[in-house]
Every structure is written in C-alpha cells, then in structure tokens.
Amino acid sequence: MDKKNQTKVTEFYFSDFPQLEDGGLLLFILLLCVYLFIVVGNAVIFLAVQLDVRLHNPMYTFISIFSFLEICYTTVTIPQMLYNLVSKEKTISFIGCLLQMYFFHSFGITEGLVLTIMAIDRYVAICNPLRYAIIITPKLCTQLSTGSFTLGFLMLLPEIVWMSTLPFCGPNQIHQLFCDLEPVLLLACTDTSMILVEDVIHAISILSCVSIISLSYLRIITVVLKIPSGESRQKAFSTCTAHITIFVLFFGSVALMYLRFSVTFQPLLEKVIALMFAVLAPFFNPIIYSLRNKDMKDAIKKMFGSQKILTVSGS
C-alpha cells in the first residue's frame, strides 16, 4: 500500500458488542453484578487475611495477594466491556489499547507465578513439614512476592513497546471482547509473522508454570496417600483442594486462549473462552476460598462483626 494513502489508526472499534436496545442493557446489568461480586468477594478475602492474626502465614498471604491481583486483573478489562455495552462508540484509543494489553497480561502473568509459588508452598508444607518454617520464611515470602510482580510486569514490556512502533492504517475493528495481542497484531499493516514467536514465548512460560504446579501436586498426592491416619489424610487433601481447583480454572482457560497457535474457533466460542479467562475464573475465586476453608470463613465472620476481631484479656 502506498504510504501516502495510509491513514494512521488512532482508535480501535469493538465490533462484536450488541447495541443497548439489542440486549446490551441486560448484558450490562449481568456483567456489572459479576464484576461487583469479584471486587467485593476478593476484597473481603484480602481484608480478612490482613485483619485476622491467625491467617498471618505464607499460605494465606499468597491467597490474599492472589485475591488482590484478581481485582486488578478484572478492573483492566471489565469496565471497558461495561462501557462498550451501553455506549454507541464502543471504541478505545490506540494508547489505551496498548495499556490494557500490558496490564491485563502483566497481572495475569503475576497470577500464574503466584499460583506456582502457592503450589511450592503446599509441597514443602506437606512433603517436608519439619523444615517448613526454616524453608518458607517471611523473608523468602516477601522475595517471592516481589519477584513475581517484577517478572510479571517486565515480561511483556518489550512486546508492547515493539507493538507501539507498528503501523496501523486500517481496518480498526477488534473481533474480541477486549484488546488482546493476536487480534490487535492482525490489524497491523506490516508483516505479522512475529505472532508465532509471541505464541511460542507464551507457551513456554505457561507450560513451565503448569509443569511445576502439576509435579508439586502429584508429589503431594503421593505423600498424602501414604499417611496412615484417614483424618490426617483428609485434612491434608482439603488444604490443597481449593488451590487445585483455582489452578485448573485459571490455567485451563489460559490454555484454551493461548496454547492453540494457528487453531481457530467459531466467533461465539472465542467470546465464551475469553469470558472464562477474563471473568469466570476470577468470579469463582472468592467462592472457592470462602466456602471450602473453615479458617477463612471464621475470619470473614469476625470481620463482619459476628465475633470480636480480637480477644483482649484482662479488660
């Protein structure tokens, strides 16, 4: 194409959102309720861990960090989706799109790293309990948490910087619910063979986390099955059930979204997978951790005043 005839794209248009009168309002109300539940539910878990001294241990610290990340992760995309459901424009600026991709994937990568750390934490706690306090120290927890955020926010930065230099001259229609790497790269007016390289990089990072987590839980299951006491075995399994469920939800949707390379799905199925990845997995996080964990339920009850937050002796 003649460069003189190219028009630089300054915004992208989300073409697959319905108009307000065509069901957009109903979807807006439904998505708003889901978003509020995600924010409130994960905020309750985060605050419950901070306020209850019984939960000041590595496992619950990582759970609270994960809940905080879920709030940030969904806030990057869902408010824009809500806007697109009630607005006639349904657009996002070029810079806004790049920022959405960067923060969405950075928070997502950080979540994957935190889930990996949580699996290692449970592995040490169950497979090497006598040395747990020596290995998983508060200092190590701080270092692992800081490292997860640092790596998570650095990993995608070169790719976003590279994308910001690409020419986008039209069309500008994004056939997805939010700005994502491949749908945006397909709109570039240049060679997009780098998409394959991007797919390989993502696949390696995803499979690395999945491998570490899977091996950790397989080892945990092997050790737990050798415990002679049925009650102890049940307690050990119960501490990992919530983690495994979140792991399957998160990485299952990630795999469907980013481990398919050139495989394409029907447009409707594409949207369903995107919703699983961006909305449904964070939606179930507070449900799983609050309903399946007695200590968490007690902490939440205390926070809402059904019990005293602290017992002051001698007063």
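Which residue in S2 does Phe12 stand opposite? In this predicted model, the residue opposite Phe12 is Ile92 in S2.

The protein chain has eleven helices and three strands. Their order along the sequence is β-α-α-β-α-α-α-α-β-α-α-α-α-α. Of the 315 residues in the protein chain, 45% are buried. Among contacts with a separation of 6 or more, 77% are between residues 24 or more positions apart. The chain exposes about 16200 Å², and carbon and sulfur atoms supply 68% of that area. As for charge, there are 21 positive and 20 negative charges, and their mean positions are 14 Å apart.

The strands come next. Strand S1 covers residues 11-14. With strand S2, residues 91-93, S1 pairs in the antiparallel sense over three bridges. With strand S3, residues 173-174, S1 pairs in the parallel sense over two bridges. In S3, Gln173 is the bridge partner of Tyr13.

The side chains of S1 alternate along the strand.

An unreviewed UniProt entry annotates "transmembrane region" over several spans, including residues 25-48, 60-82 and 132-157. In the model, residues 25-48 are 100% helix and 0% strand, with end C-alpha atoms 34 Å apart. Residues 132-157 are 88% helix and 0% strand, and the end C-alpha atoms of this span lie 35 Å apart.

Glu70 is in helix H2, which runs over residues 58-86. Is Glu70 buried or exposed? Glu70 counts as buried because its relative accessible area is 2%, and the cut-off for buried is under 20%. Leaving aside neighbours within four places in sequence, Glu70 is in contact with Ile38, Asn42, Glu111, Ala281, Pro282 and Asn285.

Conventions:
Residues numbered from 1 in each chain as written. Predicted model: local features only at pLDDT ≥ 70, side-chain atom pairs only at ≥ 80, totals over all residues. Heavy atoms only, no water. Buried < 20%, exposed > 50% of the residue type's maximum accessible area, 1.4 Å probe, protein only. Helix = DSSP H or I, 4+ residues; strand = E, 2+ residues; numbered from the N terminus. Pairing = 2+ DSSP bridges. Contact = heavy atoms within 4.5 Å. Areas by Shrake-Rupley, 256 points an atom, 1.4 Å probe, with all protein chains shown as cover. Lys, Arg positive; Asp, Glu negative; His and termini not counted. Charge placed at Lys NZ, Arg CZ, Asp CG, Glu CD. UniProt positions renumbered as here; feature names shortened; annotations may be inferred.
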